Amino acid sequence: MEYFVQQLINGITLGSIYGLIAIGYTMVYGIIGMINFAHGDIFMVGAFTALIAFLVLVALGVSAVPLALFIVLLVSMALTALYGWTVERIAYRPLRQSSRLAPLISAIGMSIILQNYVQVAQGARVKPLPPLVSGGYTLLHGNDFAVRLSNIQIVVVVTTFALMAGFSFLVARTRLGRNMRACEQDLKMAALLGIDVDRTISLTFVIGAALAAVAGLMFLLYYGVVDFFIGFLAGVKAFTAAVLGGIGSLPGAMLGGILIGLIETLWSAYFSIEYKDVAAFAILIIVLIFLPTGILGRPEVEKV
Amino acid sequence: MSGTGEALLTLRGVKTYYGNVIALKGVDVDVNEGEIVALIGANGAGKSTLMMTVFGDPRAQEGEIRFAGRDITALPTHEIAKLRIAQSPEGRRIFSRMTVMENLQIGATVGDAADFESDLERVFALFPRLRDRRNQRGGTLSGGEQQMLAIGRALMSRPRLMLLDEPSLGLAPLLVQQIFAAIRALNERDKLTVFLVEQNAYHALKLAHRGYVMVNGEITLAGSGRELLQRPEIRAAYLEGGAS
């Protein structure tokens, strides 16, 4: 029992990181109907900018951890958002009028470019970050097992849920969110009503990248290491999460992220850790057979 | 009628293509301030294409489109909307997963925030059904209500010119009369200029000050609404049996 609770905690922590990345996939898919395969690498760039920002702060002598964390969060979000904006501007926007396949291939190209760029600029070796947030609480004592909730897990989950709540509010209640939803439903009509569609799409990429940057920072804090290749697997997992939850659906992306995190953790805990990715993807296949639009996706039927 | 002697909306020699297929073969149209102008013609004549070409989607590849004395031929679609031209397009294109209220709010994108409440009241006064249904999703409305919403949404930007594409399509006769009465009221009371595409030629020409007839991407006839209604070729092509 204690062991299970521990795995739940671990799974939710991991899942919230996936959920943050999945939002970027699902928003971009919703608005322009493409899978942004470079999004996982945007997450990786976010983790690296966070690491570099930490090292710069340490060099400058900023030693208060909460302050450093906050500055790193902002810097990493801003720089990564710039990457997201640039990728859309140079690799996707010029292809807006072409076939659906063209931006997809362009996205794979951007993914490779970002990976190689970071590999060349930062080296291929794994970069460590000394643990910044240590300590935690012991929640339950079993006979031979104690359930631990570490401070870093609290930071990850609280940050993630706060951001998800903020972002959901933005989409549901603000003018920008309304414009994003209008573009998602009918780009042509949105333009007829005076919405600057290109700008709205750009902002979608910017917000998605900023959220991925937060995920990158959380990943860095949680695992303590990054390398240029982390974007691939995390990206594929988050994409899986988005599809599992129902691509295009915001709550779906969050739910899907948590579910993938839980599946992966529980499988590792009870079966074999080598097959954890197989388990996550197998569940995806099973769900899609019975619910082709994902758990919270909407069926493509509308009253005309 | 607009001080300079130039019409509010002017199209000169406008040609539009879909790929290599020509859809508009050099169209000349004027819509004067304060007028209701009807464009009639058969299915596929290019009427809706003309409406969308005014907004640059598809873009006119030859010719010139001017609005209020300004060349808008090459302006981006959303910039054209900012000049206060509104459109209730073919198929209505309601945001079906958003509420009636949200649809109207998006309609007000280019409007003044300070005018929002009074514009909303104007739309609700014109179509009281929308007030009752304001928290309902667009996709759950009936066809007539969706048409009201499409017109209401266009009105929310306080347009100087409103383009209406087939407002009567698929509606019961009683609703058609209601919609046409609303258009007349907007024109007479609020001095709204209306450019209207219709298959329901009889109703449209009765309502309009002037009309154009389009055949295969060309304007073949123009005149006052009453004149066109009397032309034998119009009666034969568009009104026989349908004049109810």
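Angles here run from 0 to 180 degrees between N-to-C directions. The model described is a predicted one.

In chain B, 6 strands make up an open sheet of mixed pairing, with the order 6-7-8-3-9-10. Its edges are taken by strand 6 (85-88) and strand 10 (218-224), each of which has a single partner strand, so one side of each lacks a neighbour in the sheet. From one strand to the next, the twist averages 15 degrees. Strand 6 of chain B runs parallel to strand 7 (residues 161-165) of chain B, and 4 bridges join the two. Within this pair, Gln87(B) is placed opposite Leu163(B) of strand 7. Helix 1 (residues 47-54) of chain B packs on the sheet and touches strand 3 (36-41), strand 6, strand 7, strand 8 (193-198) and strand 9 (210-215). The direction of helix 1 of chain B makes about 150 degrees with that of strand 7 of chain B. Helix 6 (residues 143-155) of chain B lies across strand 6 and strand 7, and runs at about 170 degrees to strand 6 of chain B.

Chain B also holds an open sheet of 4 strands, antiparallel in pairing and ordered 2-1-4-5. Strand 2 (21-31) and strand 5 (70-71) of chain B are at the edges; each has a single partner strand, so one side of each is left without a neighbour in the sheet. Between strand 1 (residues 9-18) and strand 4 (residues 62-67) of chain B, the antiparallel pairing extends over 5 bridges. Arg12(B) stands opposite Glu64(B) in strand 4 of chain B. Helix 1 of chain B packs on this sheet as well, touching strand 1, strand 2 and strand 4. With the direction of strand 2 of chain B, that of helix 1 of chain B makes about 70 degrees.

In chain A, helix 1 (residues 2-32) and helix 5 (residues 151-173) pack at an angle of about 35 degrees, and their axes are 9 Å apart. The crossing of helix 1 of chain A past helix 5 of chain A is left-handed. Residues of helix 1 of chain A in this contact include Ile9(A), Ser16(A) and Leu20(A), while those of helix 5 of chain A include Val156(A), Thr160(A) and Phe167(A). The contact comprises 10 nonpolar and 5 polar residues, with no charged residues.

The contact between the chains takes 16 residues from chain A and 22 residues from chain B. On the side of chain B that touches chain A, helix 2 (77-82) and helix 3 (100-107) of chain B each supply at least two residues. By class, the residues on that side of chain B are 7 nonpolar, 10 polar and 5 charged.

Methods: Residues numbered from 1 in each chain as written. Chains lettered and ligands numbered in written order. Predicted model: local features only at pLDDT ≥ 70, side-chain atom pairs only at ≥ 80, totals over all residues. Left-handed = near helix turned anticlockwise from the far one by under 90°. Contact = placed C-beta atoms within 7 Å. Nonpolar A, V, L, I, M, F, W, Y, C, P; charged D, E, K, R; others polar. Pairing = 2+ DSSP bridges.
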